[in-house]
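Here is a walk through one protein model, written for someone who likes to check the details on screen. Have the structure open and follow along.

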Amino acid sequence: MIRDFSYQNPTWIHFGKSAMEKLPMELSQYGERVLLVYGKSSIKRIPCGAEGQSLYDHVLQVLRAAGKRVVELGGVSANPRYSELLEGARLARENRVDLILAVGGGSVIDCAKGISCAAYAEGDVWERYYVRQEKVNNPIIPVGSILTMAGTGSEMNSGSVITNEAQRLKIGRVYPLAQVAPRFSILNPEFTYTVPRYQMVSGIADIFSHLMEQYFSDEDDCTTDYLIEGVMRSLISASRKAIQNPQDYEARSNIMWCATVALNKLLSLSKTEDWEVHMIEHQLGAYTDCAHGIGLAIISPAYYRHIYRYGLPRFVRFAQQVWGVEESKEQGAKNQEQIALAGIDCLEAFFRELGIPSTLREVGATEEMLPQIAHSTILGGGYKILTADDIETILRACY
Ligand code: NZQ
Ligand code: ZN
């Protein structure tokens with residue numbers, strides 16, 4: 001652990017089949033006005049509470065029993081739009097809400113965090129908090145979440161990824177953890193049973209990518225990397241069970257917890273971190289509106305084949321520790337390269353096994369878009385600092 005760090009995560013997690021029982025206790029800590037934020041329709045189809053009741057019915061019942069006055073922002077899009085954030089900010093401000101309760105996947109929770117920072121902000125929030133990443137200098141409304149889809153880790157972090165359709169930009173903002181991460185998150189894995197298979201595997205790929213973005217940086221012997229390898233192995237095992245039986249509680253609960261720990265900062269401690277695949281995917285998403293995890297799964301093998309030589313020992317370790325690729329008796333650099341490439345092949349085969357598409361075409365990208373998408377943000381934390389030409393080469397390799 002050669003780099004210094006400070007770490008505290010402020011989110012209370014209530015996990016398991018009985019997690020919803022903690023909602024009244026959490027609600028009692030806030031004033032009476034609540035903004036309830038949710039997505040298009042899943043909230044009205046997820047069973048919860050009494051026979052025939054939906055999660056939506058149940059949450060409203062609990063809110064009313066707690067004496068809350070509820071304002072609603074429904075219909076938040078997958079890949080939430082800036083216009084939705086602004087509408088939520090207006091509702092939050094005009095109704096002087098005391099708590100924003102997000103019920104949904106990463107999109108709904110990300111939108112809620114954006115609303116919490118935007119409600120009392122002055123000026124152009126997109127320009128200030130997303131494009132220029134300015135410090136937030138206005139009051140922030142607390143957020144709580146009820147998670148319905150495993151993937152982003154938004155339930156225990158302060159990330160908020162917003163799409164500005166007019167500008168064709170999708171930008172992630174990591175707000176200050178202490179103020180903007182949900183104060184509490186309710187994680188009942190049963191709520192994920194209704195997630196369509198395509199979204200489920202998108203979430204799994206997103207979790208895997210979060211783990212890799214943190215793992216593929218640095219060369220020191222760091223406890224965090226051992227933790228990441230363990231979570232990767234758990235995720236692979238649970239995913240294989242969940243695609244056979246989506247109602248396997250053990251598998252779905254493991255996937256849900258993998259998602260949360262993969263991006264609650266614990267697995268970035270003392271790490272430089274890469275995040276280049278995410279930067280490229282966000283641009284892809286701005287052009288195609290594809291599911292985030294699907295985009296990541298398509299780009300990842302091509303990206304890692306492009307850079308593996310620059311971090312060869314780590315790619316060898318990935319192949320051996322995560323996928324069980326064995327070293328052959330023959331020694332030498334060539335052999336190390338073969339092991340590293342075999343690990344990337346295993347990763348790609350895993351995504352295929354989950355039924356994830358393998359080309360950008362399949363998610364709506366056209367050849368004309370590739371040079372535009374190639375102008376993604378370059379962060380430079382990984383083993384090779386890319387150029388726009390590198391990114392275009394990577395995109396063409398998976399087009
Ligand atoms: O809109 P509804 O009807 O709720 O349907 C959603 C949506 O269509 C559906 N869904 C969610 N829970 C369900 C369900 N359907 C049936 N049953 C359930 N229980 O699933 C669809 C996708 O939901 P969404 O919230 O968009 O998925 P996800 O959790 O993958 O979130 C993706 C967004 O998060 C951002 C992504 O870029 C993308 O915008 N990210 C956020 C991060 C963060 N906060 O740290 C980091 C990530 O890397 C990521 O960038
Ligand atoms: Zn992600």
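A quick convention before the tour: a residue is called buried under 20% relative accessible area, exposed over 50%, and partly exposed in between, with a 1.4 Å probe and protein chains only. By that rule Arg168, at 41% relative accessibility, counts as partly exposed. This is a predicted model, where local features need pLDDT of at least 70 and side-chain atom pairs count only at pLDDT 80 or more, while totals for chains, interfaces and linings use all residues. Residues are numbered from 1 along each chain as its sequence is written, chains are lettered from A and ligands numbered from 1 in the order in which they are written, and side-chain values use heavy atoms, with hydrogens and water left out.

**The sheet**

Helices (H or I, at least four residues) and strands (E, at least two) are DSSP runs, numbered from the N terminus. Two strands count as a pair if DSSP finds at least two bridges between them. On that basis there is an open sheet of 6 strands, paired in parallel, in the order S1-S8-S5-S4-S2-S3. Strand S1 (12-15) and strand S3 (69-73) sit at the edges with a single partner strand each, so one side of each has no neighbour in the sheet. From one strand to the next, the twist averages 20°. For background, strands of a sheet pair through backbone hydrogen bonds, either parallel or antiparallel.

Contact here means heavy atoms within 4.5 Å. Angles run from 0 to 180 degrees between N-to-C directions, using axes fitted as lines to C-alpha atoms, for helices over the stretch in contact. Helix H2 (residues 55-65) packs on the sheet, touching strand S2 (33-38), S3, strand S4 (99-104) and strand S5 (143-147), and its direction makes about 170° with that of S2. Leu55, Tyr56, His58, Val59, Leu60, Val62 and Leu63 are the buried residues listed for H2. Their cover includes helix H1 (23-27) along with S2, S3, S4 and S5. After H2 comes Gly67, with a positive phi near 75°.

Helix H4 (residues 106-118) also lies across S2, S3, S4 and S5, running at about 165° to S4.

**Salt bridges**

A salt bridge is a side-chain nitrogen of Lys or Arg within 4 Å of a carboxyl oxygen of Asp or Glu. The count comes to 22 salt bridges. Three of them are listed here.

| Pair | Closest N and O atoms |
|---|---|
| Arg81 and Asp289 | 3.3 Å |
| Glu127 and Arg132 | 3.8 Å |
| Arg396 and Glu392 | 2.9 Å |

Which parts of the chain does the pair of Arg81 and Asp289 link? Arg81 is in the loop between S3 and helix H3 (82-94), and Asp289 is in the loop between helix H10 (276-288) and helix H11 (292-307), 208 residues apart. Arg81 is buried at 12% relative accessible area, whereas Asp289 is partly exposed at 38%.

Glu127 and Arg132 are both partly exposed, Glu127 with a relative accessible area of 27% and Arg132 at 47%.

Arg396 and Glu392 are 4 residues apart in helix H15 (residues 388-397), which means they are separated by about one helical turn. Arg396 is partly exposed, with a relative accessible area of 38%. Elsewhere, salt bridges with shared partners join Arg3, Asp218, Asp225, Lys271 and Arg314 into one network.

**Loops worth a look**

Most residues other than glycine have a negative phi. Arg96 has a positive one, near 45°. Arg96 belongs to the loop between H3 and S4 and is exposed, at 52% relative accessible area. Arg168, too, has a positive phi, near 50°, and lies in the loop between strand S6 (159-164) and strand S7 (169-174).

Is Ser158 buried or exposed? At 2% relative accessibility, Ser158 counts as buried. Ser158 is in the loop between S5 and S6. Not counting residues up to four places away in sequence, Ser158 touches several residues, including Lys113, Arg173 and Tyr175. Ser158 and Arg173 are 15 residues apart in sequence and 8.1 Å apart in space, C-alpha to C-alpha.
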